[in-house]
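Here is a short briefing for a reader new to this structure.

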Amino acid sequence: MAQPQSRTFHWEFENPAEAIWPLLADTVRFNEAAGLPRYEVSETAQPDGSVLYEGRMKRGPFTIAWREIPVNWVAGRWFEHRREFLNGPLKDLTARLELSPGPDGRGCRGDYTLTATPANLLGRLMLKTGFFESTAKTFAGLAADADRFAGGLSVEPFTFTAPTPDPAVRTKVAELVAAIEAGPHGHGLAARLAEHLLTAQEADLVHLRPLALARRWQVEERAAIELCLEAVRAGLLDMRWDLLCPRCRIPKAAVEALDGLPQGAHCDSCNIDYERDFSRNVELSFQPAAAVRPLGSGEHCLFGPMSTPHIWLQRTLAPGENLAEPCDLPPGRYALRTLEPGPECIVDLAEESALPEVTLDNDSITATPAGQAGRTVLHNRTARPLTVIVEERRWVRDALTADRVTALQAFRDLFSDQVLRPGDEVAVARISLLFTDLRRSTELYGRIGDAAAYHLVRDHFAFLGAIVRRHNGAVVKTIGDAVMAAFATPADAVAAALAVQHEVADFNAREGGNAREEMPVVIKLGVHEGPCIAVTLNGRLDYFGSTVNMAARLQGKSEGGDLVVSQSVSEEGAVAALLQDQDCVHETTQLKGFEQPVAYCRVRL
């Protein structure tokens with residue numbers, strides 16, 4: 001019987017493990033840079049609820065198939081990736097990377113171990129004739145790239161040569177860049193985006209996220225979002241709506257338009273069904289238009305720690321196994337669950353909290369404070385192998401969720417046709433709404449005449465629209481002389497409302513004229529936030545529910561020249577900071593349609 005063979009290679013890094021880990025644990029990017037071919041994956045649910053993963057890759061006339069074993073890792077410390085082959089020269093192959101502190105606390109050390117078992121004579125010859133050494137040489141070069149990037153000595157994580165575009169493609173891309181910059185949404189970034197599309201690794205382009213671009217380029221998030229939206233209109237990018245699994249956070253359904261968005265999806269990896277929510281798991285992502293740069297199909301790596309960076313620990317335990325695992329978790333809220341379907345447990349870790357001791361039973365997961373800082377203890381009390389997961393509860397940092405992008409004026413201006421199916425509705429966990437109205441508008445029409453009043457109202461709509469856009473919001477609709485605007489955060493809604501009242505005097509002065517001096521525009525404002533549903537009404541995305549009604553009713557309590565904010569909004573951290581130097585009066589009133597008295601804050605300006 002063939003015996004496994006193993007080689008360990010040692011890498012020294014100038015930079016610490018926390019800087020090296022995100023690069024080497026990004027196995028999709030790493031494998032692409034190493035020139036490893038893509039492969040196809042099938043996922044088959046098993047009777048016990050687990051999932052069988054099988055990979056398949058064609059090399060010349062041969063097709064190699066294998067089973068992908070779920071990766072084990074502890075973030076920042078080690079990962080282990082194993083394949084068990086169904087045919088071909090090898091029986092199995094395991095790669096393990098361990099990072100440890102460098103001498104005297106400087107940098108870190110990487111120990112990379114390859115272990116393989118030959119399946120036949122070809123496999124024995126392959127392992128004897130340089131397989132380990134050639135693989136390690138390629139990987140060592142990429143490790144050196146990672147160290148340079150971590151130290152700020154290079155602009156890309158790994159040395160990578162993108163396909164050379166046809167000269168005609170270059171010419172067309174230059175035309176598209178010019179078209180984007182001719183509009184209001186290019187922000188001088190179109191050429192940079194185009195170069196990124198032509199030269200970046202595919203790992204950066206399959207799910208291009210404008211928030212990640214903004215962070216990397218150190219530009220405003222709204223500028224990066226608007227750039228990508230305009231690039232879709234120009235033909236440089238394609239857009240897609242991804243329905244992310246709430247567990248693994250990988251898209252399991254994708255459509256090009258909102259009217260094709262399914263009610264929910266099934267995640268084969270997690271073996272769960274889940275529904276959609278604009279605020280939680282519907283994401284807008286982008287990728288290069290096929291005419292600009294076609295992307296390949298298949299996977300460079302199915303599993304990998306940085307494919308699910310919210311997971312800090314993933315560890316398979318044999319039946320009845322107990323183990324202690326060094327692990328460092330920052331303070332925060334975590335979910336403890338298994339990769340297989342089953343219950344989960346939520347724990348909160350404070351600054352000095354010891355890590356929990358985790359026990360897996362047939363019907364439960366329990367966490368007890370018997371662990372210690374930097375170390376957790378895991379117990380599998382069942383008769384089957386289980387993979388325990390410790391994951392952060394915070395959502396994907398760079399996900400451009402549907403609630404946010406549909407509340408941007410650029411999206412509504414550029415993609416007014418992106419609406420839900422008639423009769424369809426989607427939950428929105430949180431949305432912030434601003435309602436405005438003109439005080440004494442009937443008197444205004446009588447005083448200055450219908451034509452002058454009409455032009456005045458239109459001018460004031462433009463005035464409000466510019467402020468809403470500047471504060472990352474969108475005008476949903478106008479109702480008579482009133483405006484309904486949506487924002488992704490309450491702080492943006494309140495900041496926009498304050499700007500309206502601070503700038504309306506300039507608006508009146510700028511227009512001038514005896515009529516304006518005689519009867520200046522005075523605006524009433526109300527802000528509230530909460531859950532609602534998104535629907536299509538009159539050919540546009542709209543919002544309905546008690547949150548909408550509350551915001552409208554609060555605007556009715558405004559006297560004009562002030563701002564009325566619901567108590568829940570006024571107490572939100574970022575809003576409280578905006579209002580701390582304002583003249584605020586807290587009041588309670590009975591609002592039509594609401595049984596209980598409503599508390600609110602009146603901001604006098």
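A residue counts as buried when its relative accessible area is under 20%, and as exposed when that area is over 50%. The model shown is predicted. At 7% relative accessibility, R249 is therefore buried.

- R249 is not a glycine, yet its phi is positive, at about 65°.
- The loop between strand 8 (237-244) and strand 9 (251-255) holds R249.
- N538 is another residue other than glycine with a positive phi, near 55°.
- N538 sits in the loop between strand 24 (523-537) and strand 25 (540-544).
- Is N538 buried or exposed? N538 has a relative accessible area of 66%, so it is exposed.

**Helix 5 and helix 6**

- Helix 5 covers residues 167-181, and helix 6 covers residues 190-199.
- Their axes lie 9 Å apart, and the two helices pack at an angle of about 150°.
- Angles over 145 degrees count as roughly antiparallel, so helix 5 and helix 6 are roughly antiparallel to each other.
- The crossing of helix 5 past helix 6 is right-handed.
- Helix 5 brings R170, V173, V177, I180 and E181 to the contact, while helix 6 brings A190, A191, A194, E195 and L198.
- By class, this contact of helix 5 with helix 6 has 7 nonpolar residues, 3 charged residues and no polar ones.

**Helix 7 and helix 8**

- Helix 7 spans residues 210-217, and helix 8 spans residues 221-234.
- The axes of helix 7 and helix 8 come within 8 Å and cross at roughly 130°.
- That angle makes helix 7 oblique to helix 8.
- Helix 7 passes helix 8 in a crossing that is right-handed.
- From helix 7, the contact uses P210, L211, L213, A214 and W217; from helix 8, it uses E221, A224, I225, L227 and C228.
- The contact of helix 7 with helix 8 counts 9 nonpolar residues, 1 charged residue and no polar ones.

**R222 in helix 8**

- R222 belongs to helix 8.
- Its relative accessible area is 13%, so R222 is buried.
- Which side chain makes a polar contact with the side chain of R222? The partner is N472, at 2.8 Å.
- Leaving aside neighbours within four places in sequence, R222 is in contact with L408, R469, R470 and N472.

Conventions. Residues are numbered from 1 along each chain as its sequence is written. This is a predicted model: local features need pLDDT of at least 70, side-chain atom pairs count only at pLDDT 80 or more; totals for chains, interfaces and linings use all residues. Side-chain values use heavy atoms; hydrogens and water are left out. Helices (H or I, at least four residues) and strands (E, at least two) are DSSP runs, numbered from the N terminus. Buried means under 20% relative accessible area, exposed over 50%, partly exposed in between (1.4 Å probe, protein chains only). A polar contact is a pair of N or O atoms within 3.5 Å; within protein, one must be able to donate a hydrogen and the other to accept it, and residues adjacent in sequence count only if both atoms are side-chain atoms. Contact means heavy atoms within 4.5 Å. Axes are lines fitted to C-alpha atoms, for helices over the stretch in contact, and angles run from 0 to 180 degrees between N-to-C directions. Angles under 35 degrees count as roughly parallel, over 145 as roughly antiparallel, 65 to 115 as roughly perpendicular and the rest as oblique. A crossing is left-handed if the near helix is turned anticlockwise from the far one by less than a right angle, and right-handed if clockwise. Ala, Val, Leu, Ile, Met, Phe, Trp, Tyr, Cys and Pro count as nonpolar, Asp, Glu, Lys and Arg as charged, and the others, Gly among them, as polar.
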